[in-house]
Amino acid sequence: MTTEKPLRPQPQFPEPDTEPFWEATKDHELKYQTCDKCGEVIFYPRAHCNACGSLDTTWNVSKGEGEVYTFSVIMQSRHPAFKDIGPYALAYVDLDEGFRIMTNVVGVDNPIDDIECGMRVKLTWEDQGEGNIAIPVFEPA
Amino acid sequence: MAQTRDAAIVGIHEYPSRVVGSGVSALQIKAASAAKALEDAGLSWSDVDAVYDTGSHQNIGGLGISEYLGIKPKIIDSTSVGGTSYEFHANHAAAMIAAGKCNVALLTYGSTAHSDRRAIGTGGYASSGPNNPHNNMEAPWGMTLISNYGMVKARHMHQYGTTNEQFAAISIATRKHAMRNPEAVKAMTELEFVGIRELTVEDVVDSRMVAWPLRLLECCMISDGGGAVVIASKEVARNTAKKPVWIIGTGEATKYRENGGDITVSAGGQSGPRAFADAGVSPSEIDSLMVYDSFSITVMCLIEDLGFCAKGEGGDYVTQGHLVFDDPAGPALNTDGGGLSSNHPGERGIFLLLEATRQLRGESTSQIADAKLGLAVGNGGQLGSRHATGVTILAAD
Ligand SMILES: [Zn+2]
């Protein structure tokens with residue numbers, strides 16, 4: 001546990017739509033929902049299906065494998081958690097189960113040169129301290 | 001659908017200062033602009049019977065601004081969809097006027113974004129935003145506004161092979177127009193731009209990287225400013241001071257980040273065809289094209305999605321003799337200098353209507369010869385996630 005490093009912006013609770021997603025990150029599980037009525041993959045998480053309005057949804061755990069849909073490399077951010085880490089990659093990753101998550105691609109030397117659209121990636125976690133939520137990020141597979 | 005001419009823009013004003021300092025508020029910019037726009041129309045304060053306001057400034061919306069101005073409207077509309085709110089407002093005003101619900105609609109905008117030193121682009125989310133699913137699913141990864149658009153540009157380049165040199169054509173054309181507009185030159189001077197001159201491809205592609213693949217000269221300025229638009233019924237428009245500019249086509253749409261969706265296609269893919277069908281005209285007939293240039297990629301996507309060229313061919317389109325006011329290929333892009341080089345206090349949509357109107361009145365500093373049809377297309381929210389695209393097609397009298 002590192003308390004010296006400033007924390008990233010944290011999800012704020014109570015927020016009942018996304019709280020189950022974030023609770024699961026404490027066990028390093030990346031969860032997403034499917035609709036019991038129409039089968040749609042629902043993401044970002046919410047209590048209803050955004051395709052048909054059904055309130056009957058099921059939580060599933062992703063294998064955490066997918067590909068970079070697109071990304072941008074942020075050269076400057078004023079947030080304390082990001083301003084001193086150098087250029088970092090914001091990305092949309094398409095998980096193999098059919099949902100798209102906003103995330104970071106980490107574990108590369110130079111994000112501009114070493115990341116490409118379509119690149120295969122796998123899930124890893126940025127822990128936020130003992131007992132806290134963890135933030136899902138991706139690294140080259 | 002047959003084209004109708006029930007409502008027209010009859011009065012306009014663009015607040016001249018882009019750096020107002022601490023002694024002027026957003027509400028004061030709105031009121032001063034309203035008075036000038038009504039004067040431009042030859043109408044008076046008491047003629048206004050409909051008020052449109054986003055409510056995004058000083059936390060005062062349609063009700064509060066009506067009281068502040070001293071107007072008792074029959075119609076209040078506080079639609080707030082980011083920078084394109086003003087196309088939505090103009091479209092709604094035209095519909096309400098056509099329905100006989102009001103006669104003189106007032107749209108105002110005022111912002112002190114520069115003086116407030118709001119870090120619109122690079123600030124990212126605060127960790128103490130309201131509890132909602134959007135913040136909870138975006139803030140933890142350090143997204144900034146520019147990186148949201150950067151993701152769209154990266155995908156456009158990947159999917160269609162569009163180059164940085166092609167994107168630069170957008171910045172070059174708008175700067176050329178800005179250099180002909182004394183208010184834009186003054187804005188760039190007050191905002192301490194480095195190198196206030198026409199741009200080369202090298203200037204753009206060598207400028208500082210902000211959020212790869214977006215560079216500084218592909219990003220709009222952050223100014224203070226505002227303006228007002230007066231829209232009136234055809235009966236009122238017969239007696240206004242200047243020639244009316246008719247609202248002949250309107251379209252609105254939204255788009256969200258979707259599983260498996262194509263991020264390079266904006267909501268303009270829906271609202272553009274709606275507006276063209278409403279007006280009964282086609283993209284090739286448009287003389288002046290006012291596109292929300294928050295970033296180069298916004299213009300690239302909207303030009304394609306509205307059908308000025310095929311999807312993915314915008315890179316060729318912007319480099320093959322379009323955009324500049326005196327290029328016969330037309331249409332001309334952002335002849336006031338745009339958000340890149342003239343005015344962007346956070347919600348630029350109203351300036352698209354103002355410059356489109358100037359063109360159709362023959363009042364632009366980069367006047368298109370014999371301009372008959374203009375189009376304003378705004379983009380509000382964030383192009384790479386949830387956003388709205390409003391389209392307003394205008395015709396000369
Ligand atoms: Zn469903």
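Colleague: What do the buried residues of α1(B) pack against?

Modeller: They pack against β1 (7–14), α2 (62–69), β4 (104–111), β7 (225–233) and α14 (349–361) of chain B. Helices (H or I, at least four residues) and strands (E, at least two) are DSSP runs, numbered from the N terminus. Please note that this is a predicted model, in which local features need pLDDT of at least 70 and side-chain atom pairs count only at pLDDT 80 or more, while totals for chains, interfaces and linings use all residues. Residues are numbered from 1 along each chain as its sequence is written, chains are lettered from A and ligands numbered from 1 in the order in which they are written, and side-chain values use heavy atoms, with hydrogens and water left out.

Colleague: Which residues of α1(B) are buried?

Modeller: Among them are Ala26(B), Leu27(B), Ile29(B), Lys30(B) and Asp40(B). Buried means under 20% relative accessible area, exposed over 50%, and partly exposed in between (1.4 Å probe, protein chains only).

Colleague: Turning to the zinc ion, what are its protein donors?

Modeller: Cys35(A), Cys38(A), Cys49(A) and Cys52(A) each donate through SG, lying 2.3 to 2.4 Å from the zinc ion. Donors are N, O and S atoms within 2.8 Å of the metal (3.2 Å for Na, K and Ca); water is not among the atoms, so sites may look incomplete. Along the chain, the spacing of these donors is C-x2-C-x10-C-x2-C.

Colleague: What are the angles at that site?

Modeller: The angles among the 4 donor atoms are 106 to 117°, and the site is tetrahedral. Four donors count as tetrahedral if all angles lie between 85 and 135 degrees. The ideal angle for four tetrahedral donors is 109.5 degrees.

Colleague: Is Cys35(A) buried or exposed?

Modeller: Cys35(A) counts as buried because its relative accessibility is 4%. Cys38(A), at 40%, counts as partly exposed.

Colleague: How is chain A divided?

Modeller: Chain A has domain 1 (13–61) and domain 2 (63–141), with bounds from an automatic or database domain assignment. Their C-alpha centres lie 21 Å apart. Contact (heavy atoms within 4.5 Å) joins 11 residues of domain 1 of chain A to 17 residues of domain 2 of chain A.

Colleague: And which residues touch the most other members of the largest nonpolar core?

Modeller: Of its 143 residues, those touching the most other members include Leu30(A), Ile9(B) and Ile231(B). Domains 1 and 2 of chain A both give residues to this core, so it lies between them. A nonpolar core is a set of buried Ala, Val, Leu, Ile, Met, Phe, Trp, Tyr and Cys residues joined through side-chain atoms within 4.5 Å. Leu30(A) touches, among others, Phe21(A), Leu95(A) and Trp125(A).

Colleague: Where is the cis peptide bond to Pro213(B)?

Modeller: The cis bond runs from Trp212(B) to Pro213(B), with omega near 5°. Pro213(B) is in the loop between β5 (209–212) and β6 (214–215) of chain B.

Definitions and conventions:
Four donors count as tetrahedral if all angles lie between 85 and 135 degrees; four count as square planar and six as octahedral if opposite donors are over 155 degrees apart and all others between 65 and 115; anything else is irregular. Lists of a residue's contacts leave out its neighbours within four places in sequence.
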